[in-house]
Amino acid sequence: MVTADVEAKSRLGGVASTAGQILMNLPEPPSEWNVTSAIRELGELGALSENSDNAEVTVLGRIALWLPLDLTLCRLIWLGALFGCAPEAIVLAAAISAGSPFSQPSRLSAKDNAEFCAELRHCVDTRRFLDGGHFSEPLMALRLFCSWARRLSVTTGRVPHSAKWINATASLAETLAVDPQKMGNFVNYVADLALRALDMCDAERSEGSQSLVRESVFGLIKLMRRPDLSYKEQRQRNERPPRLGEVFTADAEKLYALLAAAFSHQLLIGKHKYAEKPRALDGMLETLDQLPGSGVADQNAVLLPFLERNKEDQLKYQDREWTKDLVKRMAGVEPSAVVAADRSVALRFAQEEAEQADQPSWMQNKDAAARLHNPMFMGLEPSRRRRVRVLGSGPQLCMASAGGSRIISIEGNDVARVISPYEIEFLLVNASANTQNRRPMIGLFSELNPVGNISHVVDPTVPLGSDSFACVASELMVAGSGRPAVRAFDVTYLAPEQVLYALMTLHARTSNIQLGFALGAGGSTDDAKAALSAMSFLKTKVPIHFSKQLPGRATIDEINEVRSLVLQNLTDTRKDFHGDGVLLWQDNDAIEALQRLIARISLATPREPDRDGRRTLAPLRWVRYKEPRKQGSEAQADDDDDDDDVDSMDIVDSAAIDWDIKSLEPLGMPRDLEQQVAQKASKEFRGFEHNFECPDCGERFRHWESCLKHYEKTCHLDVSSPTAIEEAKKLSRPVRYSCLECGEPFTDWPRCLEHLRATGHLSWLGAKLQRTLCIPQQFEDEDEDDWEDDDDEVGGGSSSSKEASIKRDLVEQVNKVRRKHKKGYNSYIMKAAGTTTKDPKRHSVEILRGFLEGVSSGSIPKDKDRGGDDGRDDRRDSGGDDLRRGDGPDDQRAGGRLGPSMSSPSPPNPRTSEIVRVYLSHLPDDMEADELQAIAGDHGTVLAHELRVEAQGNYKSGWVEYATRLEGEACVHELHRRWLEDWGMPLQAHLGPPDGGT
């Protein structure tokens with residue numbers, strides 16, 4: 001604030017005392033909105049203590065005044081110094097600020113395709129080598145700088161440091177695809193930032209922690225041959241430059257945490273691109289399966305789609321030799337196998353020797369790896385484990401050859417970009433960068449870098465889409481005119497659990513995050529009670545699931561410890577012995593806290609896969625962090641946005657507690673979180689309801705008479721005498737309880753309770769929850785309809801098979817419908833069954849049918865729409881024009897590209913039996929007639945349909961006919977202004993006469 005500076009206040013005449021007032025006095029003042037947005041951004045990043053004009057400038061804000069960098073890069077350098085890796089942070093910031101030093105191949109500058117393909121291969125191989133399996137563009141630049149420094153160390157001759165830099169850069173450009181001029185700018189940026197950072201450190205040479213940053217930065221300057229000295233001074237000192245390992249001491253995991261914390265506000269969440277597109281995914285997998293030996297889950301197999309506008313050229317792809325030659329001209333690599341299908345061509349490339357081993361190529365020869373990748377001499381080493389199972393070099397070259405375009409021209413032939421069912425698509429989750437569009441924005445990366453066309457090839461036994469991915473970027477730029485997207489720069493891939501590093505600096509409330517907790521491994525220790533299983537962002541609702549066993553409270557406490565130390569250092573005002581302010585220092589407590597958090601996350605035990613191959617747990621309890629609700633017309637009905645099974649809670653009231661920096665307030669936790677999770681889990685637990693079980697074959701029975709008949713027929717147990725029958729009855733008693741902590745089984749609750757009291761297991765729970773959680777869980781496919789009943793013949797069970805099938809169908813229908821009729825379903829079940837049990841499997845066929853009939857007739861209404869729009873259904877019935885539209889992936893249905901219908905189609909009315917036609921336009925240019933019929937068939941019986949290409953050629957139009965007007969109105973209601981998946985314009989639909997008039 002200006003009031004703290006008397007001289008500045010006098011110069012301003014004592015009128016302006018805040019930043020906003022000062023800016024308003026300028027000849028051309030900025031808009032009030034721009035000032036508010038800037039203050040908000042500065043507050044979220046920690047440069048200001050809060051989001052207001054009365055905020056105080058923090059250490060980070062003063063650093064931003066000192067360094068010619070963006071605020072995020074200033075935060076990167078400050079955090080790097082705080083966590084003991086200042087040299088790495090300086091190089092990373094310089095690489096991001098200077099731009100990519102790598103060369104860019106271009107078809108326009110190349111003489112022919114052969115020259116372009118050679119440059120492309122050299123460029124891609126260079127970036128893959130320097131990336132080293134980290135999948136991080138900043139770390140790739142850091143490893144490039146280490147490679148340059150190694151060449152600098154062998155540069156001889158009595159020449160100034162600038163000449164040595166030029167010689168080292170020229171030597172680097174001879175073997176790697178690096179632009180010498182860009183590399184020179186990169187090196188100059190590093191030297192300039194290192195000298196500026198040295199001036200911000202403590203000048204005192206002591207053993208204190210403040211001088212450690214100065215020593216490490218000074219080591220970086222000496223590594224670069226003292227650019228702060230003249231050539232004469234360099235010769236007089238004749239200092240020995242340090243080794244790389246003496247300057248760069250941080251490991252890869254620490255650098256992941258540093259980048260995640262510095263760019264936490266620019267986070268993207270990833271998922272398999274085609275996981276929610278089953279029709280497209282099935283077609284792709286079927287085509288790959290036609291390759292010799294099957295190309296499913298093959299890292300060297302991709303698909304080359306056909307262009308529909310060139311249908312006459314599709315016959316050329318049937319010629320395998322022509323296709324191989326085309327691909328070779330496109331990417332410089334020839335496929336070993338080609339199979340043409342209906343809509344694409346499956347390509348398989350030969351596997352390179354470096355990719356044949358399960359370990360990274362640099363680790364295959366351990367002796368060579370020990371010599372060539374010693375961090376003391378080589379700097380940051382490649383990743384020791386595969387972070388992602390990516391595609392091979394052949395498919396990556398094909399993807400990189402497109403340069404980000406969907407269609408490229410190869411000697412007069414238009415060719416589509418190759419695709420893979422295992423591609424990963426990243427979505428922006430920061431709400432502040434996505435205010436103009438409710439749909440999540442797709443991230444666009446540079447496809448020349450390994451992280452640019454990242455994919456994850458999974459085993460066929462693992463369901464596609466069960467894995468989560470994430471990344472952070474240093475800069476985001478909105479691009480695209482149809483569906484908006486963001487172009488991300490300097491991207492770093494993060495494993496799901498590594499997203500938690502972003503919580504060290506992320507403003508939890510403005511980001512609207514929520515953390516999901518599930519039941520832990522079981523036991524009385526803190527690590528076993530509640531597990532941290534997921535994290536999501538409320539605005540986009542894109543969850544990321546954790547596949548490791550992370551204790552909930554312990555992990556959040558360690559994150560809060562780092563946040564607290566960061567907050568303390570941001571508000572610290574240190575001075576050196578000269579009385580000058582110090583802006584960069586190292587905090588040993590913060591380093592130790594960060595190392596504990598890194599050990600917690602990196603050393604966590606992976607979960608065992610379930611029967612479906614998933615390693616994640618569905619959260620039972622969500623803890624929400626959100627801003628206080630706005631007043632007036634901008635108030636949002638947040639409580640109506642939540643599902644019934646998701647709890648919401650504001651943990652910390654920022655108005656009640658005065659934190660020094662609002663963006664770093666601790667992540668609060670409910671005191672009874674573990675009990676809440678256990679209570680939620682108890683509702684999900686379903687025990688066996690049979691009373692007897694054959695120990696030989698596992699068949700289950702409700703009554704002893706049925707079990708006895710089974711033994712008499714199968715002879716699985718001896719029942720020839722009364723004594724044998726009593727013994728068989730004892731042996732047939734199933735395990736009714738099992739200690740959740742040690743797993744010891746019991747046939748009744750008193751014995752289990754006695755065991756819990758004697759051992760102290762589950763002592764943190766009440767007796768009721770103890771009993772519920774000790775009931776063994778029943779598998780989902782074990783239904784009570786499969787149990788033997790008294791009326792069934794022994795060994796048969798076929799008399800009820802038809803009824804069981806009917807009930808299963810009804811249960812499936814009810815599960816689909818009750819999501820939109822939760823309140824009506826709960827009320828109906830309470831009245832009809834006299835119970836609060838929500839599981840449809842627990843209710844009779846008559847009750848389920850009654851519920852479905854009530855939904856169809858309208859007697860059981862649908863729940864109110866989100867946002868408080870209560871009159872939507874009434875407007876539809878009255879023929880109003882307020883039609884509902886879909887808004888993105890949350891509305892997608894597994895069966896096709898169209899989102900789910902917003903209301904159940906009304907039953908046809910016999911009184912409105914005239915034929916009506918619905919005219920549709922702005923349909924996707926790749927839509928087929930059968931797909932149009934399938935989409936329209938969701939709203940009634942389609943009597944006829946037609947699909948045609950418009951004269952403009954950029955979309956299709958058509959019509960469908962229904963037997964009743966109600967069916968046509970339902971179709972218009974659902975399809976008009978509806979967004980389709982992967983299509984940049986909304987549908988248009990209206991009713992018209994069947995004679996073709998409009």
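Modeller: What follows is a close look at one pair of packed helices.

This is a predicted model, in which local features need pLDDT of at least 70 and side-chain atom pairs count only at pLDDT 80 or more, whereas totals for chains, interfaces and linings use all residues. Residues are numbered from 1 along each chain as its sequence is written, and side-chain values use heavy atoms, with hydrogens and water left out.

Two packed helices are described by the angle between their axes and the distance between the axes. Here the partners are helix α8, residues 137-153, and helix α9, residues 161-175 (helices are DSSP runs of H or I, at least four residues, numbered from the N terminus). They pack at an angle of about 120 degrees, with their axes 9 Å apart; the axes are lines fitted to C-alpha atoms over the stretch in contact, and angles run from 0 to 180 degrees between N-to-C directions. α8 and α9 are therefore oblique to each other, since angles under 35 degrees count as roughly parallel, over 145 as roughly antiparallel, 65 to 115 as roughly perpendicular and the rest as oblique.

The contact (heavy atoms within 4.5 Å) is made on the α8 side by L144, S147, W148, R151 and L152, and on the α9 side by K164, W165, A168, T169, S171, L172 and T175. Sorted by class, the contact has six nonpolar, four polar and two charged residues, where Ala, Val, Leu, Ile, Met, Phe, Trp, Tyr, Cys and Pro count as nonpolar, Asp, Glu, Lys and Arg as charged, and the others, Gly among them, as polar.

Elsewhere in the chain, strand β3 (residues 337-340) and strand β4 (residues 344-348) pair in the antiparallel sense over four bridges (strands are DSSP runs of E, at least two residues, and two strands pair if DSSP finds at least two bridges between them). β3 and β4 form a hairpin with three residues between them, and the bridge partner of A340 in β4 is V345.
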